[in-house]
Amino acid sequence: ATTTGSSSANSGSWTSFLKSIASFNGDLSSLTAPPFILSPTSLVEYSQYWAEHPDLLVAANQLPTPEQASSSTAEAMALKRAIAVTKWFISTLKSQYCSRNESMGSEKKPLNPFLGEVFVGKWETGGDVGETILASEQVSHHPPVTAYAVANGKNNVVLQGYNGITSSISTTSINIKQYGHALLNYQDLKETYLVTLPPLHIEGLITAAPFVELEGTSYIQASNGFYTVIEYSGRGWVSGKKNTFKARIFRDQLSSANKENASVTISGQWSGKSYIGKGGSTPHSKSSELFYDANAQPSEHLIVKPIEEQEPTESRRAWEKVAEAIRKSDYNLIHEEKSKIENEQRELRKKERETGHQWHTRWFDQKDYSNPEGKTDTNLETPDPFTNLTNLANLSIHNAPSGSLKKSKYDHGESKHWRFNLDKWKQDGMKI
Ligand code: CLR
């Protein structure tokens with residue numbers, strides 16, 4: 001049932017939940033939430049939101065290439081691809097941040113994935129798009145980190161990335177910083193895009209109807225130089241609509257110093273309509289070209305094997321009983337079934353400690369960019385795409401909040417990032 005806490009039966013438990021939030025230590029997964037706010041879905045599934053519009057994901061590949069375009073239009077074509085990638089990114093936001101509200105009536109607390117939990121599926125889109133696959137894996141439990149790859153074989157497009165969060169509490173909201181990034185590679189175009197993840201906060205806590213609002217800035221840096229800056233805002237005290245953004249695409253990061261330098265500006269709601277216009281000034285709905293209408297493009301849900309055919313570590317199979325208990329709002333059963341999984345995991349970790357065989361991630365490897373694979377100077381002619389793109393965008397290479405700039409207060413510490421290992425995926429008998 002799509003209950004929110006406004007009913008009197010729930011208000012008591014919601015009040016005690018709010019109290020527990022007020023004194024919480026930063027680890028959201030440790031919060032004991034009332035059953036009506038629990039989602040039967042594990043966070044490892046959230047990777048699917050990156051590709052609920054497979055046509056937009058591959059769109060840049062279907063525009064003319066620089067070779068096909070005459071030299072005078074190569075730059076115009078590169079801008080068109082940067083616009084196409086920006087449109088795809090904007091199209092992911094409604095799925096990422098509104099889908100629980102749509103399917104369950106409010107934002108919910110997802111199941112906290114166990115180490116090695118996986119989620120796989122595919123989208124079977126017709127025409128020039130073809131099949132797109134998803135590989136999602138929980139690569140860390142403390143702190144929770146999910147890594148994923150989305151690949152389209154027909155268009156030779158691979159999106160890969162990972163994400164984790166930190167959270168803090170303020171008087172009316174939970175504030176979330178995302179860690180990680182995504183890399184979108186178009187093999188035929190020999191072009192890669194680095195995508196950073198925006199900060200967000202959870203509102204609606206007082207009324208027991210939580211929802212996500214995005215804030216701050218995120219970036220898309222193209223290897224062809226084009227640089228998209230996306231600024232987010234929500235409904236303010238006085239004015240403003242919810243889920244608002246403004247995206248400016250610049251020839252390069254340097255020219256972004258002056259907003260007037262923008263090649264195009266896109267403005268509107270990422271959960272609704274947005275408009276595009278040339279240059280740096282804000283386009284308006286009446287006079288400008290429609291850029292994207294999130295409600296006119298139904299999301300394409302991925303296809304997942306029936307539970308009976310899934311492996312024991314596949315998310316929906318592993319959590320089946322917990323999910324059932326959540327759907328029944330049976331608090332004791334939820335606790336009982338969750339404890340089984342947690343105890344099993346504790347046993348596994350204990351055995352690993354005893355035998356000295358540590359856990360190996362399945363499809364992803366962690367790369368250390370402070371010394372990438374012990375690379376020597378001779379490799380500098382072919383810099384790693386991530387190093388290259390962070391340099392172009394002036395972004396930190398460290399494990400800083402996503403979108404942190406070089407020389408910012410967060411620009412220090414380790415530089416370890418999760419990368420998809422296609423060979424491991426294929427060795428597992430999987431295809432693209
Ligand atoms: C996970 C990565 C996805 C984008 C995304 C969307 C919603 C976020 C989620 C991430 C992380 C977990 C999250 C969730 C919204 C609410 C939930 C922050 C970043 C927290 C843990 C729930 C707290 C409980 C409330 C409902 C009170 O690509």
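Residues 24 or more positions apart account for 56% of the contacts in the protein chain with a separation of 6 or more, where contact means heavy atoms within 4.5 Å. This is a predicted model, in which local features need pLDDT of at least 70, side-chain atom pairs count only at pLDDT 80 or more, and totals for chains, interfaces and linings use all residues. Residues are numbered from 1 along each chain as its sequence is written, and side-chain values use heavy atoms, leaving out hydrogens and water.

Let us begin with the overall form. The protein chain has eight helices and 18 strands; these are DSSP runs numbered from the N terminus, with helices (H or I) of at least four residues and strands (E) of at least two. Along the principal axes, the C-alpha atoms fill a box of roughly 70 × 55 × 45 Å. The radius of gyration of the protein chain is 22 Å, which agrees with the value near 22 Å for a compact globule of 432 residues. That radius is taken over C-alpha atoms, and the globule rule is 2.2 Å times the number of residues to the power 0.38.

Now look inside. Of the 432 residues, 49% count as buried, meaning under 20% relative accessible area, with exposed being over 50% and partly exposed in between (1.4 Å probe, protein chains only). The largest nonpolar core has 77 residues, and Trp 88, Phe 89, Ile 90, Leu 159, Leu 184 and Trp 270 touch the most other members. Such a core is a set of buried Ala, Val, Leu, Ile, Met, Phe, Trp, Tyr and Cys residues joined through side-chain atoms within 4.5 Å. Helix H3 (residues 74-104) gives the most to this core, with 12 residues.

Ala 135 lies in strand E4 and, at 0% relative accessibility, counts as buried. Not counting residues up to four places away in sequence, Ala 135 touches Phe 119, Val 120, Ala 147, Tyr 148, Ala 149, Trp 363, Phe 364 and Trp 425. Ser 47 sits in the loop between strand E1 (38-42) and helix H2 (54-58), and its 4% relative accessibility is why Ser 47 counts as buried. Although Ser 47 and Ala 149 are 102 residues apart along the chain, their C-alpha atoms are separated by 8.3 Å. By contrast, the C-alpha atoms of Ala 135 and Gly 236, 101 residues apart along the chain, are separated by 38 Å.

Finally, turn to the backbone. Most residues other than glycine have a negative phi, and most peptide bonds are trans. Here, a cis peptide bond joins His 142 and Pro 143, with omega about -5°, and Pro 143 is found in the loop between strand E4 (130-140) and strand E5 (145-152). Ser 329 has a positive phi, near 55°, in the loop between helix H5 (320-327) and helix H6 (331-355). With 44% relative accessibility, Ser 329 counts as partly exposed. Asn 394 also has a positive phi, of about 60°, and its place is in the loop between helix H7 (385-393) and strand E18 (416-420). At 28% relative accessibility, Asn 394 counts as partly exposed.
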